[in-house]
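Please read these points alongside the coordinates.

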Amino acid sequence: MNGSPDVFDALRAEGDAVDGMVAGLDAEQWRSPTPAPGWTVAHQIAHLTATFRMAGLAGSAPDRFVAVMSELDDDFTKNVANALAEYLAEPADVLLERWRLERESAAKALEAVPAGTLVPWLVNPLPAQVLASAGIMELFAHGQDIADALGVDRDHDDLLLGHLTAFAARTWTFGYLSRGLPVPETEFRFELTSPSGTTWVYGPEDAPQRITGQARDFCLLVTRRRHRDDLAVTASGDVAEHWLDIAQAYRGPAGEGREPGQHGRGRNPNRKA
């Protein structure tokens, strides 16, 4: 069995939290627009359902996962639309049940992968534990879109944000890779304050490029659910300063992101002019 079950606890807990926002919605509320252009609440849940279906396949039937991946189009946007279409054709209550089934199936499949075994994924094979962290990132990001659409304030604890910040620090190069930019030959130091007040650190202590701030704000930054000017996250070093503009913890297209002040707060006073 995988050696760190708490990541799967966090995965299930965040799935339950997102579920709690949508479980009682009526048909009209499922059609509520979210900050992602063209996406309703139903689109968000359909996307999560499709993502967890693939994660479940990666954990339980890796050969089948590879076969499915081989049939995808080169157009990322087209693949996303195709994946959503099946779920969006269902009534909301059916979509909700399928979402619940797929996320639990994925959690069980990944949890059962022996420690040290890699599972296939979109770019490179990953440890099941890391793929679970990627699932947490997806839930956090798309859950925030749903929360913004419904006017819900969300709270997150150290368990979830700890896994998400560690994943984002591990994948700090994604912002460059997704844009076809060269990855700087440098190292980053991340110093982030958890909801409980603990300081989490990632990267060498003497790294020349540094990111500091609140862990939750950092997670909103790397999922591109808030503009950097609205977040308590700061950079030291020219490369780190630029990184705040392109930071993302996923390999797909960056998307349009959010505008300054779109969801409250004002300009970050620590940002360089």
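1. Start at the end of α7. The residue that follows this helix is G151, and its phi is positive, near 70°. Bear in mind that this is a predicted model.

2. Now the helix itself. α7 covers residues 128-150, 23 residues in total. From first C-alpha to last it reaches 32 Å.

3. Is α7 enclosed or open to the outside? Of its 23 residues, 19 are buried, so the rest of the structure largely encloses this helix. Buried here means under 20% relative accessible area.

4. Next, the sheet. Four strands form an open sheet in the order β4-β3-β5-β6, and the pairing is mixed. β4 (199-202) and β6 (233-236) are the edge strands, each pairing on one side only. On average, neighbouring strands are turned by 15° against each other, direction ignored.

5. Two helices go with this sheet. Helix α8 (residues 158-170) packs on it and touches β3 (188-193) and β4. The direction of α8 makes about 20° with that of β4. Helix α11 (residues 238-246) lies across β3, β5 and β6. Its angle to β5 is about 50°.

6. β5 (residues 209-214) and β6 run antiparallel, joined by four bridges. T212 stands opposite T234 in β6.

7. Which residues touch the most other members of the largest nonpolar core? They are F190, I211 and W243, in a core of 75 residues. Leaving aside residues up to four places away in sequence, F190 touches A169, W172, W200, V201, Y202, I211, F218 and W243. In soluble globular proteins, nonpolar side chains tend to be buried together.

8. Last, the whole chain. The protein has eleven helices and six strands. Its radius of gyration is 18 Å, against 19 Å from the globule rule for 273 residues; the values are close, so the protein is as compact as a globular protein of that length. Along the principal axes, the C-alpha atoms fill a box of roughly 50 × 45 × 40 Å.

9. 50% of the 273 residues count as buried. Among contacts with a separation of 6 or more, 68% come from residues 24 or more positions apart.

Terms used. Residues are numbered from 1 along each chain as its sequence is written. This is a predicted model: local features need pLDDT of at least 70, side-chain atom pairs count only at pLDDT 80 or more; totals for chains, interfaces and linings use all residues. Side-chain values use heavy atoms; hydrogens and water are left out. A nonpolar core is a set of buried Ala, Val, Leu, Ile, Met, Phe, Trp, Tyr and Cys residues joined through side-chain atoms within 4.5 Å. Buried means under 20% relative accessible area, exposed over 50%, partly exposed in between (1.4 Å probe, protein chains only). Contact means heavy atoms within 4.5 Å. Two strands pair if DSSP finds at least two bridges between them. Axes are lines fitted to C-alpha atoms, for helices over the stretch in contact, and angles run from 0 to 180 degrees between N-to-C directions. The expected span of a helix is 1.5 Å times one less than its number of residues. The radius of gyration is taken over C-alpha atoms; the globule rule is 2.2 Å times the number of residues to the power 0.38.
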